[in-house]
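Student: Could we go through this structure together? I would like to know what stands behind the words used for it.

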Amino acid sequence: MKTRMFLLTIALSALMLVPAAFAQQQKIGYVNSTKIFQELPAAQDAQRRIDALGKPIQDSLETMQRELQARYEDYQKREALLNEAAKKAEQQKLIDLERRMNEYRQLKLGNDGELARETEKLLAPLRDRIRGAITTVAKEEKYSFVFDKTESIQILLYGDPAHDITFKVIDRLKRGK
């Protein structure tokens with residue numbers, strides 16, 4: 001009986017030590033991808049280009065919105081003077097104008113719109129470059145896992161600043177290695 005208890009105690013102790021030893025081998029770090037993008041000159045340039053692409057689209061939408069509003073207000077002023085056929089024709093013009101504006105917005109700013117496609121073209125190579133730098137730093141520093149900790153994405157709720165490799169990644173990216 002004593003031998004059984006002794007073997008059971010050893011087995012339980014071994015089981016308890018395995019996860020602890022496994023956990024000690026794992027090194028976990030994190031980065032702030034928002035900070036990396038803000039510090040990377042190529043990302044700042046890409047953001048300026050994206051803003052420049054979006055500005056004329058926003059300007060066009062604002063012009064369309066003002067035109068629609070002006071026509072609607074004009075219609076309201078004249079509505080009492082119009083016969084039923086003229087009212088329907090004016091209403092249809094307003095509906096068509098609003099539909100064209102919404103189609104333009106979707107074409108330019110929708111999820112698969114022109115701006116989204118151009119943004120993806122500009123940012124995809126940067127994301128790949130950043131991911132590569134994170135991988136390199138993680139391997140050099142022997143991190144098993146690296147999480148992203150940003151203000152908007154809270155996957156990592158706490159991270160010891162000693163394991164924040166954000167500036168090492170930024171340094172690697174700026175040195176071009």
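Tutor: Gladly! This is a predicted model, and we can start with Arg-127, which is found in helix α5 (residues 114-140).

Student: Why is Arg-127 called partly exposed?

Tutor: Its relative accessible area is 29%. Buried means under 20% and exposed means over 50%, so Arg-127, at 29%, falls in between and counts as partly exposed.

Student: What makes the pair Arg-127 and Glu-120 a polar contact?

Tutor: Their side chains come to 2.7 Å, and the cut-off for a pair of N or O atoms is within 3.5 Å. Not counting residues up to four places away in sequence, Arg-127 touches Phe-37 as well as Glu-120. Arg-127 and Phe-37 are 90 residues apart in sequence, yet 9.0 Å apart in space, C-alpha to C-alpha.

Student: Now helix α6 (residues 166-175): which of its residues are buried?

Tutor: Thr-166, Val-169, Ile-170, Arg-172 and Leu-173.

Student: How do you know that they line one face of the helix?

Tutor: Look down the axis of α6: the buried residues fall within an arc of 160 degrees, so they line one face. They pack against β1 (28-31), α2 (33-39) and α5.

Student: And which residues have the most contacts inside the largest nonpolar core?

Tutor: Ile-36, Val-169 and Leu-173, in a core of 29 residues. Helix α5 gives the most to this core, with nine residues. Leaving aside neighbours within four places in sequence, Ile-36 is in contact with residues including Val-31, Ile-130, Val-169 and Leu-173.

Definitions and conventions:
Residues are numbered from 1 along each chain as its sequence is written. This is a predicted model: local features need pLDDT of at least 70, side-chain atom pairs count only at pLDDT 80 or more; totals for chains, interfaces and linings use all residues. Side-chain values use heavy atoms; hydrogens and water are left out. Helices (H or I, at least four residues) and strands (E, at least two) are DSSP runs, numbered from the N terminus. Buried means under 20% relative accessible area, exposed over 50%, partly exposed in between (1.4 Å probe, protein chains only). Contact means heavy atoms within 4.5 Å. A polar contact is a pair of N or O atoms within 3.5 Å; within protein, one must be able to donate a hydrogen and the other to accept it, and residues adjacent in sequence count only if both atoms are side-chain atoms. The arc is that of the directions from the helix axis to the C-beta atoms. A nonpolar core is a set of buried Ala, Val, Leu, Ile, Met, Phe, Trp, Tyr and Cys residues joined through side-chain atoms within 4.5 Å.
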